[in-house]
Every structure is written in structure tokens, then in C-alpha cells.
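I opened my notebook beside the model today and jotted down what I looked up, in the order I went. Come and follow along.

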Amino acid sequence: MTDWRLIELILDKLLDLGVQLIDLRGRHEFDTWHHEAALWLEFHRALGAYPSFERDRTYVLYCDYGLMSAHLAELMRKDGFDAFHFRGGTRARKGVAAHFA
């Protein structure tokens, strides 16, 4: 099984639970790979948009290295959202199951 396939399987399970995936990467990275259910919202736009998100949903954010997604997930949690991110981002796809925070 490829690392990308493992990520997709994990994300599929999260979607079954009603999670909203948000891809914070640039357009090129999004076009290279993204989960089919992920909402593309570049980081700088997401910073301004997240206060208008539905508060009764759970959000899983990802980016290339996990830094932007960690920052935004923390801001969202402080503002009362149920938000998580993939530690290490899409670049750290090996052992991804152990890196979910």
C-alpha cells in the first residue's frame, strides 16, 4: 500500500464521522494531490474565513509541513471549534496514523 493510499483511507474514515477536511496548501500542491472531499482554502484566506465556519462540525486541516495547519487548528480550538491537524503535514506521510493530533 502506498503512503498516499494510507492517508486517503484514514481521511475516508474521518469523513464517515462527518469531518470537514481543509487543504491549506497552495494551488499547485492541491492539484498534485488532495483528497477528493477536501475543501481547498489557502492558509491566508482560511485565517480570515474560519470564524464563519459551522461551529457544530469537526475540522481536520492539513498543509505541506503541518505548521500552518497546527497554527490554524490551535486558533480554531481557542475560538471554540473542534479542529485537528496532521502533524508533519503531507510531507511526513510515512507513519501518518501515529502523527494525527
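**Entry: the charged network**

I began with the salt bridges and found Asp23, Arg25 and Asp64 linked in a network of them. I kept in mind that this is a predicted model. Which residue does Arg25 reach at 2.7 Å? I looked, and the partner is Asp23, with 2.7 Å between the closest N and O atoms.

Next I followed Arg25 to Asp64, where the side chains meet in a salt bridge with an N to O distance of 4.0 Å. This pair links distant parts of the chain, as its members are 39 residues apart. I placed Arg25 in the loop between β1 (20-23) and α2 (27-32), and Asp64 in the loop between β3 and α4. Is Asp64 buried or exposed? I noted it as buried, as Arg25 is.

**Entry: a pair within helix α2**

I counted on from there: the structure holds 5 salt bridges. Another one of them joins the side chains of Asp31 and Arg27, at 3.3 Å from N to O. Why do I call this a pair about one helical turn apart? Because Asp31 and Arg27 are 4 residues apart in helix α2.

While I was at Arg27, I noticed a ring below its charge: the charged end of Arg27 sits over the ring of Trp40, 4.6 Å from the ring centre.

**Entry: the aromatic cluster**

I moved on to the rings and found 5 aromatic pairs in the structure. In the pair of Tyr50 and Phe81, the centres are 5.9 Å apart and the planes stand at 75 degrees, so I wrote the pair down as edge-to-face. Where in the chain do Tyr50 and Phe81 lie? Tyr50 is in the loop between α3 (43-49) and β3, and Phe81 is in the loop between α4 and β4, so the pair ties together parts that are 31 residues apart in sequence. Both entries went into my buried column: Tyr50 at a relative accessible area of 10%, Phe81 at 4%.

Phe81 came up again with Tyr59. That pair is edge-to-face, with 6.1 Å from centre to centre and 75 degrees between the planes. Tyr59 sits in strand β3 and is 22 residues from Phe81, so I logged this as another link between distant parts of the chain. Tyr59 counts as buried, at 4% relative accessibility. Which residues make up the cluster? I listed Tyr50, Phe53, Tyr59 and Phe81, which form one aromatic cluster.

**Entry: the sheet and a helix across it**

Then I turned to the strands. I traced 4 of them in an open sheet, ordered β2-β1-β3-β4, with parallel pairing. Which strands stand at the edges? They are β2 (39-40) and β4 (82-85), each with a single partner strand, so one side of each has no neighbour in the sheet.

I took a look at the join between β3 (residues 58-62) and β4: the two run parallel, and 4 bridges hold the pairing. Among the residues involved, Val60 has Phe84 in β4 as its bridge partner. Helix α4 (residues 67-78) lies across β3 and β4. I noted its direction against β4 as about 165 degrees.

**Entry: the whole chain**

I finished by stepping back. I counted 4 helices and 4 strands in the protein, and from the N terminus on they run α-β-α-β-α-β-α-β. How many of the 101 residues are buried, as a percentage? I wrote down 37%.

Notes:
Residues are numbered from 1 along each chain as its sequence is written. This is a predicted model: local features need pLDDT of at least 70, side-chain atom pairs count only at pLDDT 80 or more; totals for chains, interfaces and linings use all residues. Side-chain values use heavy atoms; hydrogens and water are left out. Two strands pair if DSSP finds at least two bridges between them. Contact means heavy atoms within 4.5 Å. Axes are lines fitted to C-alpha atoms, for helices over the stretch in contact, and angles run from 0 to 180 degrees between N-to-C directions. Buried means under 20% relative accessible area, exposed over 50%, partly exposed in between (1.4 Å probe, protein chains only). Rings of Phe, Tyr and Trp (its six-membered ring) pair if their centres lie within 6.5 Å; planes under 30 degrees apart count as stacked, over 60 as edge-to-face and the rest as tilted. A charge sits over a ring if NZ of Lys or CZ of Arg is within 6 Å of the ring centre and within 35 degrees of the ring normal.
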